[in-house]
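Q: I have a protein structure open and I would like to learn how to read it. Could you walk me through it step by step?

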Amino acid sequence: MKCKWNSTESAKEILRMFRENSDMGLIARMQSAFSAPRVIANELFLSQDGLTATELAAQANCSPSRVTAILDRFEEEGCAERFQREGDRLHTYVRLTEEGAKQAEKRQFEVLDYVASLLGRLGPKLTKSAMECLRIALEFTKEQEDKPCLD
């Protein structure tokens with residue numbers, strides 16, 4: 001007799017697999033990849049005209065004061081600069097310097113190389129299935145945005 005599929009049991013199994021087959025280093029690397037400084041650097045890299053701290057705070061899902069501290073550090077390292085657009089004295093914008101853009105581009109290639117290697121291991125059929133699963137997961141996550149979170 002075939003057992004019925006149970007999403008709760010499947011979720012428990014997936015969580016068990018991650019818990020048993022990963023270490024804190026892997027989790028820390030994943031968190032680092034999506035940290036506020038990385039998100040901000042990536043947004044600045046993709047921006048053509050620079051962004052305001054408020055726009056960056058929204059993208060990185062953190063407070064404007066945290067963004068200011070991150071941008072201060074970026075400026076100290078020579079990776080970003082603040083500027084005002086002609087005719088706009090109200091807003092201060094931020095853009096990457098040439099050095100900041102080089103670093104951000106290098107990270108872009110590293111991430112792309114990692115994902116391409118993973119997809120190469122999966123092959124075309126599993127990659128297509130994985131992409132469909134991710135699309136569904138992202139749609140579900142978007143639907144859940146207004147619901148209270150656990151923390």
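**Reading the fold**

A: Happy to! In the protein, 44% of the contacts with a separation of 6 or more are between residues 24 or more positions apart. Keep in mind that this is a predicted model.

Q: Which elements does the protein have, and in what order do they run from the N terminus?

A: Start by listing the elements. The protein has six helices and three strands. Read from the N terminus, they run α-α-α-β-α-α-β-β-α.

Q: How many strands form the sheet, and in what order?

A: The order within a sheet is read across the strands. Here three strands form an open sheet, ordered β1-β3-β2, with antiparallel pairing. Because β1 (51–52) and β2 (80–83) each have a single partner strand, they stand at the edges, and one side of each is left without a neighbour in the sheet.

Q: What joins β1 to β3?

A: Look for bridges. Two of them join β1 to β3 (residues 93–96), and these strands run antiparallel. For Thr 52, the bridge partner in β3 is Tyr 93.

Q: At what angle do the axes of α4 and α5 cross?

A: Picture a line through each helix. The axes of α4 (residues 53–60) and α5 (residues 64–76) cross at roughly 105° and come within 9 Å. Angles from 65 to 115 degrees count as roughly perpendicular, so α4 is roughly perpendicular to α5.

Q: Which residues of α4 and α5 meet?

A: From α4 come Ala 53, Leu 56 and Ala 57, and they meet Pro 64, Val 67 and Leu 71 of α5. Sorted by class, this contact of α4 with α5 has six nonpolar residues, no polar ones and no charged ones.

Q: Where is Asn 61, and is this residue buried or exposed?

A: Asn 61 has its place in the loop between α4 and α5. Its relative accessible area is 71%, so Asn 61 is exposed. There is also a backbone angle to check. Most residues other than glycine have a negative phi. Asn 61 has a positive phi, near 55°.

Q: How many disulfides does the count come to?

A: First, the general idea: a disulfide is a covalent bond between the sulfur atoms of two cysteines. To be counted, the two sulfur atoms must lie within 2.5 Å. By this rule the count is zero disulfides.

Q: Are Cys 62 and Cys 79 buried or exposed?

A: Under 20% relative accessible area means buried. Cys 62 has 16% relative accessibility, so Cys 62 counts as buried. Cys 79 has 6%, so Cys 79 is buried as well. Across the protein, 19% of the 151 residues count as buried.

Notes: Residues numbered from 1 in each chain as written. Predicted model: local features only at pLDDT ≥ 70, side-chain atom pairs only at ≥ 80, totals over all residues. Heavy atoms only, no water. Axes fitted to C-alpha atoms, helices over the stretch in contact; angles between N-to-C directions. Helix = DSSP H or I, 4+ residues; strand = E, 2+ residues; numbered from the N terminus. Parallel < 35°, antiparallel > 145°, perpendicular 65-115°, else oblique. Contact = heavy atoms within 4.5 Å. Nonpolar A, V, L, I, M, F, W, Y, C, P; charged D, E, K, R; others polar. Pairing = 2+ DSSP bridges. Buried < 20%, exposed > 50% of the residue type's maximum accessible area, 1.4 Å probe, protein only.
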